[in-house]
Amino acid sequence: MSSAMIDQADGLPRPQRNWAILTIALGLVMAVVDGAIANVALPTIARNLDASPAFSIWIVNGYQLAITISLLPLASLGEIIGYRRVYLAGLLLFTLASLFCALSHTLPLLTVARVAQGFGAAGIMSVNAALVRFTYPRGLLGRGIGLNALVVAISAAIGPTVASVILAIGTWPYLFAINVPLGIGTLALGWRYLPFTMPAGHAFDWQSAALSAITFGLGIAGIDSAGHGEALYLCLSELAIATVACLLLIRRQTHLASPLLPVDLLRIPIFALSIGTSIASFCGQMLAFVAIPFYLENHFGYSAVQIGLLITPWPIAVACAAPLAGRLVERYPAGLLGGIGLLLFAAGLGTLASMPAAASPFGVVWRMALAGAGFGLFQTPNNRTMIAAAPRERSGGASGMLGTARLLGQTLGAALVSLFLARYPLDGTRISLLVGVGFALFGAVLSMLRLSSTGQRGAEQVRVHESQRLKGE
């Protein structure tokens with residue numbers, strides 16, 4: 001076995017480390033930007049393909065649903081066959097599906113291609129944090145996670161702009177065709193520079209994968225249906241089936257040494273608290289993201305262009321705070337940094353909700369920046385804690401759970417906004433922001449609990465386990 005095949009105990013050497021993190025970042029950029037550009041281009045695509053708005057929404061929903069149901073199974077597969085293989089396979093599928101999207105001339109074909117693209121994006125997202133852990137030395141892991149958060153923030157911010165520029169100079173197929181050369185280049189880099197990891201000794205659990213897909217797929221669909229005012233019997237049916245599948249999944253996982261749904265990791269107090277913090281914070285973030293454009297338009301009369309400019313300070317502040325937090329977490333407890341960050345986030349949302357009618361653009365900008373800076377300060381330490389709390393051989397489960405927590409929070413937040421807007425047409429946006437404050441404060445409490453003796457014992461157990469494992473090697 002060559003030295004390249006040996007499990008990296010403390011990261012990759014330079015310059016391989018730099019090239020590997022570039023590969024991981026490029027894959028994330030494609031997956032995140034592609035999710036954003038489809039939202040912007042949806043009316044154009046529907047009109048061009050002569051499709052109804054109700055059916056065309058599956059261009060977006062198919063992509064998100066594919067990611068949702070496959071994150072945990074692909075993370076588990078990464079532990080078994082290697083994170084590098086899952087990442088490269090996901091990148092290859094994403095690239096081929098992008099070409100298929102660009103060549104599609106009917107809505108059913110485009111929808112199928114988008115579903116395939118979603119499975120490819122899940123391959124990228126499910127193991128990217130695990131690959132970061134094996135790329136960076138343990139002492140620099142916070143910086144690596146901070147860079148990941150920075151890439152995601154910038155990608156989400158530029159997605160709509162990229163879509164607008166492409167649509168201004170070309171047709172919608174170019175939105176997907178641009179991924180093909182970028183994907184080929186990233187595949188070449190990944191084949192050469194991504195780290196190899198030792199495969200696990202257990203087989204892939206197909207039954208658990210199916211139960212996981214039903215649990216998260218129908219669970220999120222049920223929440224989304226409730227938020228959009230679908231028939232009550234449909235929402236309850238989806239949630240009931242998801243609940244039964246979830247109970248069966250948990251029962252099955254408790255008897256496995258390396259479960260697909262990482263119930264073993266959820267027994268670690270600091271990991272469970274970090275997951276709860278993540279769900280609460282992303283729920284608050286999505287409550288704000290969906291509500292703010294309507295809030296600024298309905299209450300203050302800003303145009304679409306002005307709203308876009310006024311929201312921009314948020315992702316810019318996240319991009320500035322995330323790498324700074326990655327360095328601070330090397331010196332200060334993640335629970336403290338996360339708690340402070342979420343308090344700042346709550347303050348930003350609270351001041352936005354209480355703006356006077358005559359608020360100036362500057363008044364909106366500094367509130368947006370405060371919310372973004374707080375979220376950026378929280379996100380990196382929290383993600384770093386989730387990944388570092390898991391034993392190295394369970395990095396895939398931690399990485400998959402990181403993405404799943406984000407999706408659960410975002411879906412719940414979006415559904416709540418839809419519910420508030422339907423029930424309270426005049427003040428639903430302000431209510432959404434205030435509920436977002438509540439979720440941010442709840443997340444801050446969960447984050448601070450990691451400073452307690454229980455959370456510290458959980459962290460110490462992980463450090464002891466890691467030390468014993470390294471001595472064994």
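**Note on helix packing, salt bridges and selected residues**

1. Ala240 is partly exposed, at 40% relative accessibility (buried means under 20% relative accessible area, exposed over 50%, and partly exposed in between, with a 1.4 Å probe and protein chains only). This residue belongs to helix 10; helices here are DSSP runs of H or I with at least four residues, numbered from the N terminus. Between the C-alpha atoms of Ala240 and Ser418 the separation is 21 Å, and the two residues stand 178 residues apart along the chain.

2. On the basis of the values: the model is predicted, so local features need pLDDT of at least 70 and side-chain atom pairs count only at pLDDT 80 or more, while totals for chains, interfaces and linings use all residues. Residues are numbered from 1 along each chain as its sequence is written, and side-chain values use heavy atoms, with hydrogens and water left out.

3. The salt bridges deserve attention. A salt bridge is a side-chain nitrogen of Lys or Arg within 4 Å of a carboxyl oxygen of Asp or Glu, and by this rule there are three. One of them joins the side chains of Asp34 and Arg114, at 3.0 Å from N to O. Asp34 is in helix 1 (residues 16–48) and Arg114 in helix 5 (residues 107–135), so this pair ties together parts that are 80 residues apart in sequence. Asp34 is buried, with a relative accessible area of 1%, and Arg114 is buried as well, at 0%.

4. Asp205 and Arg252 also form a salt bridge through their side chains, at 3.0 Å from N to O. Because Asp205 lies in the loop between helix 8 (179–193) and helix 9 (206–227) and Arg252 in helix 10 (residues 232–253), the pair ties together parts that are 47 residues apart in sequence. Asp205 counts as buried at 14% relative accessibility, whereas Arg252 is partly exposed at 30%.

5. Arg430 and Asp427 make a salt bridge at 3.4 Å, N to O. Arg430 is partly exposed, with a relative accessible area of 22%, and Asp427 is partly exposed at 33%.

6. Turning to helix packing, the axes of helix 3 (residues 58–81) and helix 4 (residues 83–103) come within 8 Å and cross at roughly 150°. Helix 3 is therefore roughly antiparallel to helix 4 (angles under 35 degrees count as roughly parallel, over 145 as roughly antiparallel, 65 to 115 as roughly perpendicular, and the rest as oblique). Residues of helix 3 that meet helix 4 include Tyr63, Leu74 and Ile81, and those on the helix 4 side include Tyr83, Val86 and Phe94. By class, this contact has eight nonpolar, one polar and two charged residues. Ala, Val, Leu, Ile, Met, Phe, Trp, Tyr, Cys and Pro count as nonpolar, Asp, Glu, Lys and Arg as charged, and the others, Gly among them, as polar.

7. The axes of helix 5 and helix 17 (residues 395–423) come within 7 Å and cross at roughly 130°, which makes helix 5 oblique to helix 17. Among the residues that meet are Met125, Asn128 and Arg133 in helix 5, and Ser395, Leu402 and Arg406 in helix 17. The residues of this contact divide into six nonpolar, six polar and two charged.

8. Finally, Asn382 is located in helix 16 (residues 361–389) and is buried, at 0% relative accessibility. Apart from its neighbours within four places in sequence, Asn382 is in contact with Ser274, Thr277, Ser278 and Arg450, where contact means heavy atoms within 4.5 Å.

Note on methods. Axes fitted to C-alpha atoms, helices over the stretch in contact; angles between N-to-C directions. Helix = DSSP H or I, 4+ residues; strand = E, 2+ residues; numbered from the N terminus.
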